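Here is a short briefing on one protein model. Keep the sequence and the 3D view open while reading.

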Amino acid sequence: MQPLNLTLDGKTVPLKPAVQTEASNEIWVPLHEFCHAVGALVKDLDGQGRIAVCDDTDGDNCVLLHPEETLKGDDGVVLGRLAAFAESLDLSWSVSDGVLEVAHDAGDVLTGLGVGDRPPQFSLPDIITGEPRSPSQYTGRKAVFYMWASW
């Protein structure tokens, strides 16, 4: 394996041990340090080596790493295969000239509505009268739209 330097969102991040690449171009990162740097969590699921990588927003969006996606070094540091979990953390990466460049993809995407934004047009039945209601009926008035889904 060859060591790589890491840049995260354009900033150099030193990790010990360093990020590694092997002949098959697989990228292996020191799991705990890398996840800390990108704002993720590493969870030990059962104390017997089953590991999950979770986003740090709520800790519920997790990816179980299969045993072949982790390596334990002689120094006890666990390495994780980057391709196994990076996409679920909205990370993109590339390697050039001995540098692994990692970027957060989700930071550029805005979701939800802000003050003054108009909601999408739809209509739903009023829970009391059953008559169709749409957001346009509330233009100019303060309104809260509460939505719930079971998934």
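What pattern does the protein follow, read along the sequence? The answer is β-β-β-β-α-β-β-β-β-β-β-β-β-β. That comes to one helix and 13 strands. Helices (H or I, at least four residues) and strands (E, at least two) are DSSP runs, numbered from the N terminus.

This is a predicted model, in which local features need pLDDT of at least 70 and side-chain atom pairs count only at pLDDT 80 or more, while totals for chains, interfaces and linings use all residues. Residues are numbered from 1 along each chain as its sequence is written, and side-chain values use heavy atoms, with hydrogens and water left out.

**Overall figures**

- The protein has 151 residues, and 28% of them are buried. Buried means under 20% relative accessible area (1.4 Å probe, protein chains only).
- The protein exposes about 10700 Å². Carbon and sulfur atoms supply 52% of that area. Accessible areas come from the Shrake-Rupley method with a 1.4 Å probe.
- Among contacts with a separation of 6 or more, 36% join residues 24 or more positions apart. Contact means heavy atoms within 4.5 Å.

**Strand 1 and its partners**

- Strand 1 (2–8) pairs with strand 2 (residues 11–13) in the antiparallel sense, over three bridges. Two strands pair if DSSP finds at least two bridges between them.
- Leucine 6 stands opposite valine 13 in strand 2.
- The hairpin of strand 1 and strand 2 has two residues between the strands. There, aspartate 9 takes a positive phi near 50°.
- Strand 3 (residues 19–21) is also antiparallel to strand 1, with three bridges. Proline 3 has glutamine 20 of strand 3 as its bridge partner.
- Strand 11 runs parallel to strand 1, and four bridges join them. Threonine 7 faces glutamate 101 in strand 11.

- Five bridges link strand 5 to strand 6 (residues 51–55). Alanine 40 has aspartate 55 in strand 6 as its bridge partner.

**Helix 1**

- Which residues of helix 1 are buried? They are Leu31, Phe34, Cys35 and Val38.
- These residues sit on the same side of helix 1 because they cover an arc of only 95° around the axis. The arc is that of the directions from the helix axis to the C-beta atoms.

**The largest nonpolar core**

- The largest nonpolar core has 26 residues. Such a core is a set of buried Ala, Val, Leu, Ile, Met, Phe, Trp, Tyr and Cys residues joined through side-chain atoms within 4.5 Å.
- Phe34, Phe85 and Leu100 touch the most other members.
- Elements that give two or more residues include strand 4 (27–30), strand 6 and strand 11 (99–104). Helix 1 gives the most, with four residues.
- Beyond its neighbours within four places in sequence, phenylalanine 34 contacts Leu6, Leu15, Val29, Leu82, Phe85, Leu91 and Val102.
- In soluble globular proteins, nonpolar side chains tend to be buried together.

Technical notes:
Buried < 20%, exposed > 50% of the residue type's maximum accessible area, 1.4 Å probe, protein only.
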